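Open the structure in your viewer and keep the selection tool ready. We will go stop by stop.

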Amino acid sequence: MKKILFLLLLVPIYSQAQSISKPDSISFHKKMQWFKDAKLGIFIHWGIYAVNGISESWSFYNGHISHEDYIEQAEGFKAENYDPDYWAKLIKESGAKYSVITSKHHDGFALWNTRQGDFNAAKASAAKRDVLTPFINALRNNNLKVGLYYSLPDWSYADYTHHTRNVERYKIENEPKRWNNFLNYSQGQLKELRNSYNPDLWWFDGDWEHNAKEWEITKIKSLLLENNPNVIFNSRLQGHGDYETPEIGLPVLRPKAEYWELCMTMNDSWGYQHNDKNYKTPQQVIDIFVDCISKGGNLLLDIGPKADGTIPVEQENILKELGKWTSRHKNAIYGTRKGIPYDHFYGPTALSKDSTILYLYVRDKPADGQIILKGISNKINRIFVVGNGTLLEHQVFCHVYWNKYPGVIYINIPESVMDEYYTVLAIMLDGKIDLYREYTGALESN
Ligand code: GLC
């Protein structure tokens, strides 16, 4: 009886959890397909903060510069060397399948010519033009999916609650009309973006400042779904998103979420900061990317263009090097699914969508030219080097006919086939992967 009572008590909690959990319908998984297969996206933080090279929005919010001086940067935002077609080509060359650009960050500066207020690239900056539209067009021309980053908070807008860390203009309960003005303004902007660009993905940010009811998340979502019922939402919507967005922290354990994307800077800044030279090397960026692939997620790698519209040379170089690696390893990247437990291979792995090909990512040259794979019950049809085609020899040890233990596989990798970043081996199996998950071989007969 006690047990039943306990279970009954659990019911409301469980159903509540169900109602806030992600939709699990066939159509939901269908809409998420392109995203799941894409693996690589390029994030772009571009705004007036690139003029002084200071942190995007946070620099005035945290009092490192006055709001007035921060806004003045707009006079230096000229975008005189901006070449949106080149941006899109470079993104394509990197191997990314989508890009997410800051249409408006927390500072409220809009890259497009919004009819809601004047604080935008066309009306308030030296660029004197809409800089968003040509980039969106270039993305589409290059067959890349379009993602729009949009900050829910707007710290410059007079009717928004928060201005800086120390200045809160008002509380919603005291001035509901003011809050309503703000909602009309930001929903007006969202409708403009929806109508002009019909994005494939919305990347919201800053949801921590208010709850879902205050933001009117449900209303916003239905507005944005009007034009495109398959549009994807990131998670920063107070629990109403479609996928998780860990930031900077490369997951150590495999995330439980089916859909996730790690957003990551190339140095330590989202926007352009001339002082920040702490760049990851192409190898390190590819390390992060391979880890995301093997854990079944995407990497959204950030660039921060300069105020003149050029992409810093270090960032350009990373994109190009990444492109060399992705172009050689397409089959082992796009459309793959998370790999196998590390008990079987001491490194990152992934599976083809149908689970009949196991990809092994080999970062360093094995000392004796051999790598080890364990507990694969399938028959191995062939092993080859992805992007190179060389067939590789393998030996099986510790395998006896009288039990099911599949043995230990040694694969020889000649030095001549080693890639400068990651060598990828494709293990072609006789069917769906069948992992042997026992402690050891049972003594079935002897
Ligand atoms: C954070 C920051 C922001 C940055 C974003 C990228 O939430 O507020 O500056 O744009 O993360 O993920």
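This is a predicted model: local features need pLDDT of at least 70, side-chain atom pairs count only at pLDDT 80 or more; totals for chains, interfaces and linings use all residues.

**Stop 1: the ligand**

Start with His45: an N or O atom in its side chain is 2.5 Å from an oxygen atom of the ligand. Move to His105. Its side chain has an N or O atom 2.8 Å from an oxygen atom of the ligand. Then select His106, where a polar side-chain atom also lies 2.8 Å from a ligand oxygen.

Next, show the surface. Taken alone, the ligand exposes 310 Å². The protein buries 94% of that area.

**Stop 2: the largest core**

Nonpolar side chains tend to be buried together in soluble globular proteins. Select Phe204, Trp325 and Tyr361. These have the most contacts inside the largest nonpolar core, which has 95 residues. Colour the domains: this core draws at least three residues from each of domain 1 (26-328) and domain 2 (337-429).

Zoom in on Tyr361. Leaving aside residues up to four places away in sequence, Tyr361 touches several residues, including Val290, Ile293, Trp325, Phe345, Pro348 and Tyr422.

**Stop 3: another core**

Finally, select Leu351, Val362, Val385 and Ile433. They are among the 22 residues of another core, which lies apart from the largest one.

Methods:
Residues are numbered from 1 along each chain as its sequence is written. Side-chain values use heavy atoms; hydrogens and water are left out. A nonpolar core is a set of buried Ala, Val, Leu, Ile, Met, Phe, Trp, Tyr and Cys residues joined through side-chain atoms within 4.5 Å. Buried means under 20% relative accessible area, exposed over 50%, partly exposed in between (1.4 Å probe, protein chains only). Domain bounds come from an automatic or database domain assignment. Contact means heavy atoms within 4.5 Å. A polar contact is a pair of N or O atoms within 3.5 Å; within protein, one must be able to donate a hydrogen and the other to accept it, and residues adjacent in sequence count only if both atoms are side-chain atoms. Accessible areas come from the Shrake-Rupley method with a 1.4 Å probe; for residues, only the protein chains shown count as cover.
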